[in-house]
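Open the model in your viewer and keep the selection panel at hand. The stops below say what to select next and what is there.

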Amino acid sequence: MQKIVIVGGGAGGLELATFLGHKLGRKKKAEVILVDRNQTHLWKPLLHEVATGSLDDGVEAVSYRAHARNHGFLFQQGYITALSRNEKNITLAPIHDERGKLLVAERKINYDILVLSIGSKSNDFNTKGVSENCIFLDSPDQALYFQKRMMQLFLKFAEDNLAADDVVVSEKIQLVEPNKINIAIVGAGATGVELSAELYNAAQYLSGYGFGKIDNRCLKVTLIEAGNKILPALSDRIINSAHKELVALGVDVRTNTRIIEATTNSLKTHDGEEIKADLMVWAAGIRASDVTKQFDGLEINRINQLQVKDTLQTTLDDHIFAIGDCAALLQKDGKPVPPRAQAAHQMATTCGKNILALLENKPLKTFTYYDHGSLVSLSRFSTVGNLMGNLVRGSMTIEGHIAHFIYVSLYRMHQVALHGCFKTALFMLVGRLNRFIRPLMKLH
């Protein structure tokens, strides 16, 4: 049997593994292996909700091993460190426990067809102090760390006179401004804007869970953007609407502000201003992992993305595909395919069909990206965005309940691709029940 290895279990990688598992794995036509460094999958656009406690990752996460068993593919936990095109294998780093003891030795996995879907991470542009002092929301672990820090800050605020030895924390927390929690977010794309709104949503709910009298006035969120407007990928009408909503919540929106250094509790701007903050998040720009430099000479661009042809095959090896944020492909208009969940979904669909065609010695299809629009959720306060492409004629701006419904539907489409319509309907029912059974916020 042919061996198909997919590295990276994000939106595109897991959807592709599920598709090939159904088409090939269950029928014993090929061995399909998914590799990921984590044990569970969480849809990346939900990370800002995990970070604020609005969403419980334990409920929404998908176990790779259980999903593999149910859908005809195999799962190997590990982190790719090297690729050999001559020997047609990948190397996975050893796995250690939290005490540093070896659990799994370094391994090599052979392949006949390889798909690289390792995603992307925030780009700090080598800004001084950012990697040491800012949190990046690139993974569930980072989102959970943010939530832990956020809850500590609210606890400090609510119990400001509590003796230090009554609370066990790694270090004594001091708020940079008395009677206020300051959180700074660098990058006013979708992640930064959505996180800003979710923080005010969390502040309002925490007041009812024993954190004392907390409201929007206790929280100060500073949203910093180097460009001249937030959400640069959207239309001016949507940008203005989102901007007004954020300001109404209390967000201090700062455009044309470039950060040149991050310290323990402040961000320094290009014009010499110092923005104080108890917690700092970096959500500006994306780049692929440096590990792509170890992929046996495959072509990469300046942000480490793998260069691919319009069939999604890498430029130097037709048996290696790349999809999602780690793939660099120019569209007909000369613009790169954007790093969005909808692009990863579309790439996974085309890649799956092309792998079947490759196995059957049939011509491969070219990938065409269809922009169905962009939606930005401002928590329960509002949702704004636009629909375009083949959904409507031209472009249509939407807001409010309709926009929120379509925003939620994007996640449901991802669930349908993984679980099918019936199970997704059950997930929706369980979600409605959990609104009555479980707390509105994850508090631990």
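Is Arg-340 buried, partly exposed or exposed? Select Arg-340: its relative accessibility is 21%, and it counts as partly exposed, because buried means under 20%. The model you are looking at is a predicted one.

**The whole chain**

Zoom out before going further. The chain has 11 helices and 27 strands. Its radius of gyration is 23 Å, close to the 22 Å that the globule rule gives for 444 residues, so the chain is as compact as a globular protein of that length. Along the principal axes, the C-alpha atoms fill a box of roughly 70 × 60 × 50 Å.

Of the 444 residues, 49% are buried. Of the contacts between residues at least 6 apart in sequence, 64% join residues at least 24 apart.

Now colour by charge. There are 51 positive and 45 negative side chains, and the centres of these two sets are 6 Å apart. Side chains of opposite charge can pair when their charged atoms come close. The count of salt bridges comes to 11.

**Salt bridges**

Asp-371 is in the loop between helix H9 (341–359) and strand S25 (373–378), while Arg-340 is in the loop between strand S24 (327–328) and H9, so the pair ties together parts 31 residues apart in sequence. Asp-371 is partly exposed, at 23% relative accessibility.

Next, select Asp-317 and Arg-85. Their side chains meet in a salt bridge, 4.0 Å from N to O. This pair links distant parts of the chain: Asp-317 belongs to strand S23 (residues 317–322), and Arg-85 to the loop between strand S6 (80–84) and strand S7 (89–92), 232 residues apart. Asp-317 is buried at 13% relative accessibility, whereas Arg-85 is partly exposed at 24%.

Then go to Arg-254 and Glu-273. A salt bridge joins their side chains, at 2.4 Å from N to O. Arg-254 is part of strand S15 (residues 252–254), and Glu-273 sits in the loop between strand S17 (266–269) and strand S18 (274–276), so the pair ties together parts 19 residues apart in sequence. Glu-273 counts as partly exposed, with 33% relative accessibility.

To end this group, select Lys-128, Glu-261 and Lys-268 together. A network of salt bridges links these residues.

Which strand holds Val-5? Select strand S1 (residues 2–7), and Val-5 will be in it. Val-5 is buried, at 0% relative accessibility. Show the residues around Val-5: leaving aside neighbours within four places in sequence, its contacts include Ile-33, Val-35, Ile-90, Tyr-111 and Leu-114. For a view across the model, draw a distance from Val-5 to Gly-227. Their C-alpha atoms are 40 Å apart, and 222 residues separate them along the chain.

Move to helix H3 (residues 57–60), where Asp-57 is found. Asp-57 has a relative accessible area of 15% and is buried. Not counting residues up to four places away in sequence, Asp-57 touches Leu-42, Val-50, Leu-144 and Lys-442.

Now select Tyr-145 in helix H6 (residues 140–158). Tyr-145 is partly exposed, with a relative accessible area of 42%. Keep Val-50 in view: the C-alpha atoms of Tyr-145 and Val-50 are separated by 9.9 Å, although the two residues are 95 apart along the chain.

**Two loop residues with positive phi**

The last stops are about backbone angles. What is the phi of Lys-28? Lys-28 has a positive phi of about 60 degrees, although it is not a glycine. Find Lys-28 in the loop between helix H1 (11–25) and strand S2 (30–36). Lys-28 is exposed, with a relative accessible area of 64%.

Finish at Phe-125, in the loop between strand S12 (121–122) and helix H5 (130–133). Phe-125 is not a glycine either, and its phi is positive at about 55 degrees. With 51% relative accessibility, Phe-125 counts as exposed.

Methods
Residues are numbered from 1 along each chain as its sequence is written. This is a predicted model: local features need pLDDT of at least 70, side-chain atom pairs count only at pLDDT 80 or more; totals for chains, interfaces and linings use all residues. Side-chain values use heavy atoms; hydrogens and water are left out. Helices (H or I, at least four residues) and strands (E, at least two) are DSSP runs, numbered from the N terminus. The radius of gyration is taken over C-alpha atoms; the globule rule is 2.2 Å times the number of residues to the power 0.38. Buried means under 20% relative accessible area, exposed over 50%, partly exposed in between (1.4 Å probe, protein chains only). Contact means heavy atoms within 4.5 Å. Lys and Arg count as positive and Asp and Glu as negative; His and the chain ends are not counted. The place of a charge is taken as NZ of Lys, CZ of Arg, CG of Asp or CD of Glu.
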